[in-house]
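Please examine the sequence and the model shown here. A short report accompanies them.

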Amino acid sequence: MTSAKAVRAGLGFALGMTLALGGAAVMTAAAPQQALAKAEATDITYIGNKAKGKLTVNVSTGSSGNTKYQVRWSRNKSMKGASYKNSTSSRDITIKGLKSGVKYYVQARAYKGGWGAWSAVTPRVTRYFGKLSGYSWAKIKSIANYIGKASSKKAALQRARKYGLVGPSLALSGYEKKSVRLANGKTYKVRILDFWHDSKTSGGKAGITFAFTTRIGFHKMNPTDTNKGGWAASSMRSWLNSTVNNSLPASLRKCIVPVRKHTNNKGETTSASGVTATSDKLWLPSVAELLGGFGVSTKYWDWGNSSYDAIYAAEGSKYKVFADNGVVTRRYVSGNSDPLQGECTKAHWEYRVNSSILYCLYNTQLGNISSGCWLRSPRPFYGGDAFAGVDSRGGVYGWFAAGDSGAVAPGFCL
């Protein structure tokens with residue numbers, strides 16, 4: 001998705017900072033005494049969990065001359081009872097000896113003559129593989145029906161834990177996967193996004209929501225390069241619910257249930273009344289289902305008008321796997337204030353996904369592509385020709401031209 005329209009709108013600008021890696025880390029038994037803060041505030045760029053019982057915290061800071069970095073972690077969001085670890089040379093700090101499938105909260109800070117402020121608290125769940133891959137689709141469907149009949153979200157999660165689909169602390173690590181072989185002969189992975197989240201068209205809750213972790217192909221949102229009619233009228237929606245649906249193995253296809261997906265189905269609009277429901281077997285996530293709310297700063301997510309934020313926010317709520325793993329919204333305000341001029345040094349109106357693992361289930365796990373991956377949210381203003389998408393490094397934009405060909409990694413419910 002690299003058309004002139006996308007470039008004009010600011011797509012493809014550099015995100016974040018280049019991080020220094022390497023070096024050794026040293027454990028500390030307790031928190032060091034707080035000195036006068038002289039280092040600049042730090043940020044956590046991402047927290048990796050590529051090995052069981054480990055988290056790797058990548059610390060970002062705009063200041064130079066720091067002599068060490070420190071992370072702390074706890075199972076309590078308040079950081080009560082936190083453990084600490086220092087690094088004298090690396091901003092990539094690995095924490096070991098953690099429990100599998102448990103949500104930890106992490107902070108980081110830097111030292112330069114004194115400790116700087118702690119970063120925002122970021123959650124992350126240690127790897128948990130569970131039993132999903134060993135079940136047939138018929139068995140998973142039976143479990144999903146059982147989960148869907150729960151009386152509450154907590155009860156649903158407890159039912160999922162009973163079958164080894166979620167970790168001991170009822171948190172999703174993002175590694176609960178199963179293989180799917182499509183009609184093209186290729187095998188892909190799907191991952192659990194949430195339980196008891198989506199509403200079935202026929203009524204009640206769908207027990208389990210899945211999404212593909214790799215792209216299954218490329219497709220235009222609309223060949224006519226318009227977002228008029230939104231997701232409901234899009235060529236993408238028609239293709240997913242016909243051609244792609246028919247390419248699924250019969251054992252899975254017969255288990256999928258249509259769900260109600262709320263989307264701006266008008267296109268250009270200033271009113272959330274344009275958000276209506278469609279019934280879909282296969283769909284793409286919305287901006288809200290990835291990022292959640294938009295109250296990040298006095299600036300708005302897309303242009304300087306709260307009505308547009310209200311439209312995006314009405315398109316659903318954040319999936320648990322993203323909420324459990326620190327997928328948040330960040331705004332870089334640097335460079336030219338007019339995003340349409342395409343002169344921003346850090347993509348002025350761009351939100352960035354904090355975890356380079358999790359919406360890298362729509363990003364780097366798509367093969368580290370540079371073209372971007374579609375979301376179903378139409379941009380409600382400026383030209384009527386754009387939908388939201390996610391670039392290969394985690395930037396979420398509303399400026400992907402509908403006529404461009406982008407990667408597709410759909411979701412579905414059982």
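## Model confidence

The model is predicted. Its average pLDDT is 80, and 76% of the residues score at least 70. Residues 2–37 have a pLDDT below 50, although the model gives this stretch 96 contacts beyond near neighbours in sequence. Over residues 331–369 the pLDDT likewise stays under 50, with 159 contacts beyond four places in sequence. Where pLDDT is low, the predicted coordinates should not be read in detail.

## A four-stranded open sheet

Four strands, in the order E9-E10-E11-E20, make up an open sheet with antiparallel pairing. Strands E9 (177–181) and E20 (411–413) are at the edges; each has a single partner strand, so one side of each lacks a neighbour in the sheet. On average, neighbouring strands are turned by 35 degrees against each other, direction ignored.

Five bridges join E9 to strand E10 (residues 187–195) in the antiparallel sense. Within this pairing, Ser179 lies opposite Lys189 in E10. Helix H2 (residues 137–148) packs on the sheet and touches E9, E10, strand E11 (208–212) and E20. The direction of H2 makes about 135 degrees with that of E11.

Lys261 belongs to strand E13 (residues 259–264). Is this residue buried or exposed? Lys261 is buried, because its relative accessible area is 1%, where the limit for a buried residue is under 20%.

The side chains of Lys261 and Glu289 form a polar contact at 2.8 Å. Leaving aside residues up to four places away in sequence, Lys261 touches Asp198, Thr276, Ala277, Thr278, Asp280, Trp283, Glu289, Tyr319 and Arg376.

Note on methods: Residues numbered from 1 in each chain as written. Heavy atoms only, no water. pLDDT = per-residue confidence, 0-100. Contact = heavy atoms within 4.5 Å. Pairing = 2+ DSSP bridges. Helix = DSSP H or I, 4+ residues; strand = E, 2+ residues; numbered from the N terminus. Axes fitted to C-alpha atoms, helices over the stretch in contact; angles between N-to-C directions. Buried < 20%, exposed > 50% of the residue type's maximum accessible area, 1.4 Å probe, protein only. Polar contact = N/O pair within 3.5 Å; in protein donor to acceptor, adjacent residues only side chain to side chain.
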